[in-house]
Amino acid sequence: MGSSTGISGAQAANDDSGIGISVPVVDSATATEPQSTIALPFGSSATNAPVVITLTGLKPFSFIEIFVNSTPVLLASGHADAAGSFTVSVALPAGLETGNHTVSVTGTRADGTAADWIISQFLITAGGLLAQPETRAAPSAASIIPSVRSITSPLVGVTEVVANTPAAAADALGEVPFDLGGVFYLSGLVGSAASVVGPEGGDITLAFTAKNVTSWPLSADLRFWLENSVGMDVAHPTDSRVIDLEPGQTKTVSITLSDVGQWGVLNAHMTFTPPDTVNGAVLTPVTRDTLVILPPYFVMLVVGILGVLVFAARFLLAWQRSRRQNAPAIGASEVSVEATT
């Protein structure tokens, strides 16, 4: 049985029983951070393997959720005790894929602020055994920060919102976030429309959420664009947007594209370009799409006015025709009388 901690620790040599002992060393500067200890039976089958987790430094009676990743699976949940501690013994879920995995916690610090952190990493071998994660040097800045195009001017109408609570992060990411290499969780693309009556068309607001699930700050490149129903570009900004994410941070980026025209139905797209590699994980760009309906009020208004004019013209013609048909005819007797006179 091996154990790892969520704070700084000193690793002692294995004793005669072959159990690795990890002793936490608490730095006074980080003493307010939650502390964690997890015991995993390395060398045993990963299927239903017993896991013992202890958390301290939490807000008393606060709610905690523990997940195994990369695809998030709820491992355990519950409430801290009066001292802000939580201990649970659970089994790893069956069906975890071969490769590196993490165990993460969402909860509340003793000071009442939200906490979302990784407490352990482990490897499932090709033979289905639990093992220590592959050891690699910390990624360099070149491997973390992607190469992005130089931005000559910022996008207009861009906002960034950081999810400050686990509930807010889960809501922003959606029920089934996309797992990008165990490095990022990505939401779908959400679009909304604000129509106007003028000929320039309305505004489209697109929103996208990403979460950094690693222990390093990461950046990625975002590019948004719109197409009409036949695939023609409607709005394709030349600028890109760089999203910076701290470890464990969830952030929503929203962009407003103005004066997109009178198209009615639009296809919105966003491409998320991560670093090429992060700690040995090879990442590729991901594109998210959504359909946005923008009612063409100006076109509808013009068509309505033309319809009224056509109706008025037809009514006027019909009235004139009816008037001519109902005009009294001059009789032959009246003509002869006038001639005699």
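Two strands pair if DSSP finds at least two bridges between them. Helices (H or I, at least four residues) and strands (E, at least two) are DSSP runs, numbered from the N terminus.

**View 1. Phe63 faces a partner across a strand pair.** Phe63 stands opposite His79 in E7. Strand E6 (residues 63-69) is joined to E7 by six bridges, and the two run antiparallel. This is a predicted model, in which local features need pLDDT of at least 70, side-chain atom pairs count only at pLDDT 80 or more, and totals for chains, interfaces and linings use all residues. Residues are numbered from 1 along each chain as its sequence is written, and side-chain values use heavy atoms, without hydrogens and water.

**View 2. Five strands make an open sheet.** Their order is E7-E6-E9-E10-E11, with antiparallel pairing. Strand E7 (73-79) and strand E11 (130-131) are the edges: each pairs on one side only. Strands of a sheet pair through backbone hydrogen bonds.

**View 3. The largest nonpolar core has 29 residues.** A nonpolar core is a set of buried Ala, Val, Leu, Ile, Met, Phe, Trp, Tyr and Cys residues joined through side-chain atoms within 4.5 Å. Buried means under 20% relative accessible area (1.4 Å probe, protein chains only). Phe184, Leu186, Leu206, Phe208, Leu222, Ile243 and Phe272 touch the most other members. Strands that each supply at least two residues include E14 (184-186), E16 (203-212) and E17 (218-228). The largest share, five residues, comes from E17.

View 4. Of its 341 residues, 36% count as buried.

Terms used
Buried < 20%, exposed > 50% of the residue type's maximum accessible area, 1.4 Å probe, protein only.
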